[in-house]
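Here are a few exercises to work through with the model open beside you. Try each one before reading its solution.

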Amino acid sequence: MSSSCLSLNGGRDLESCERDAELRSHNAPMPKHIRDSYLSFFSVRFACANPKALAHYHESKMGFHTIARREMTKDCNRGVCSEVVGNGGVTFEFLGPLMPAVRNDKFSISGAEFEELKRVNNFLEKHGEGVIDVMFEVTECKKIYEWAVSNGAISIMKPTYSKDSNGAVLMATIHTYGDVQHTFVQKCEYSGPYLPGYTLLNNKIPLNLDKDHDVPFCEIDHCVGNQDWVQMDSVCNFYHKALGFHKYITDDDYNVVTEYSALETTVMASENDRIKMPITMPAVGKRMSQVEEYIRYNNGPGVQHIALRTDSIIKTVTEMRRRGVEFINVSPEYYVDLKQRLAAYKGTPMKESLEELERLSILVDFNNDGYLLQLFVKDHISARPTAFYEIIQREGARGFGGGNFRALFESIEREQEKRGNLREQSPDKVDDILLN
Ligand SMILES: O=C(O)C(=O)Cc1ccc(O)cc1
Ligand SMILES: [Fe+2]
């Protein structure tokens, strides 16, 4: 398969390109027609040591299928290889470095590929395996990119075409919090299953499973970013000013303090609300919160959880449990309390039986808009206590499970305790906060 990359600006420096007049206005919000051009999450890229192993985990435990692969050829993909997996509208790409990022002409690696290799190796060294790029599908890649960089975003890759026999896409990448990136993907009559330059695979062979054992997922619902102390405002401002996101209002009470841990969240969303990026930071509590534990082990800010939406959480969770995935368990009193709360609830009638939800340990939250069902995978995605998955089904409710936060955080704290990480907060940080 052949692929080629060419710079949109024909090598001219972006600074010298003519910009639309609207891009010169630094205090105005991003114009609506640009904001409207965000469509959805495209894919999430992870940096990892062994893409095939991580792909296999997603196939065997979460019902994903391998759909494409970036493999080394004579003149392409000589720095980073990858495996791409999909399930419904959810796509993940696992990037693995092919060598240390040391310039050595005998490996004939191009400049752009060497830069990517450096970023992936740097990420692994600093953070371990985790999310390096949350990619968005857009219809105006160049406009979003130019607005973002002229409003403070750091550029990683300027708008660049990539094409093969399936068509072309235009892509650009900027830096966001921690060492995480956002890539804007604009398809230009592209009909392949992932991106140009990838070897297509159609590996739907079930792994020792009887038929009818799918793990249904629809799409990525939201992607939470953990920040260090007091970074919340600057990160939210960045999503607003540089990326044109708005604050997404829900009824959730986000300032949760359990006996030990405390955190604050603000949800930033694209104009159409299909891309939701909650931003979370630790708050002062009695002990090291789960956000602080994350920051410590991730060595800084990063993506904390990815919520995958399903139409049938009972099917999804039943099958994941059957495949050996363990979930966070709340205490039995949660369901006693839930039955009382539900008795007073006059909203959307629940299709699912409470007994079944309790048997699967699924959490329920509801308000006037409807209800939602959610559950959190116990194991983290990497060796470190950092990123994990949430499974969510929405029946009208737009929130994030505010009614479950207390029970959920208490059960996360029980896991933190087992790891020896429910300790005192970093005193210097707490002093900083209290002084401000
Ligand atoms: O806010 C969300 O998206 C949630 O799903 C609730 C939540 C918030 C923070 C956590 O550390 C774990 C779960
Ligand atoms: Fe969530």
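**Exercise 1.** Find the element that holds leucine 342, then decide whether leucine 342 is buried, partly exposed or exposed.

Step 1: leucine 342 belongs to helix α8, residues 333–343 (helices are DSSP runs of H or I, at least four residues, and strands are runs of E, at least two, numbered from the N terminus). This is a predicted model, in which local features need pLDDT of at least 70 and side-chain atom pairs pLDDT 80 or more, while totals for chains, interfaces and linings use all residues. Residues are numbered from 1 along each chain as its sequence is written, and chains are lettered from A and ligands numbered from 1 in the order written.

Step 2: leucine 342 is partly exposed because 15 other C-beta atoms lie within 10 Å (buried takes 20 or more, exposed 12 or fewer, partly exposed in between, with C-beta atoms placed from the backbone).

Step 3: aspartate 365 is 23 residues away along the chain, and its C-alpha atom is 9.3 Å from that of leucine 342.

**Exercise 2.** Describe the largest nonpolar core and the neighbours of phenylalanine 46.

Step 1: the largest core has 99 residues, and Phe46, Phe136 and Phe184 have the most contacts inside it (a core is a set of buried Ala, Val, Leu, Ile, Met, Phe, Trp, Tyr and Cys residues joined through C-beta atoms within 7 Å).

Step 2: leaving out residues up to four places away in sequence, phenylalanine 46 touches residues including Leu54, Phe92 and Ile132 (contact: C-beta atoms, placed from the backbone, within 7 Å).

Conventions: Contact = placed C-beta atoms within 7 Å.
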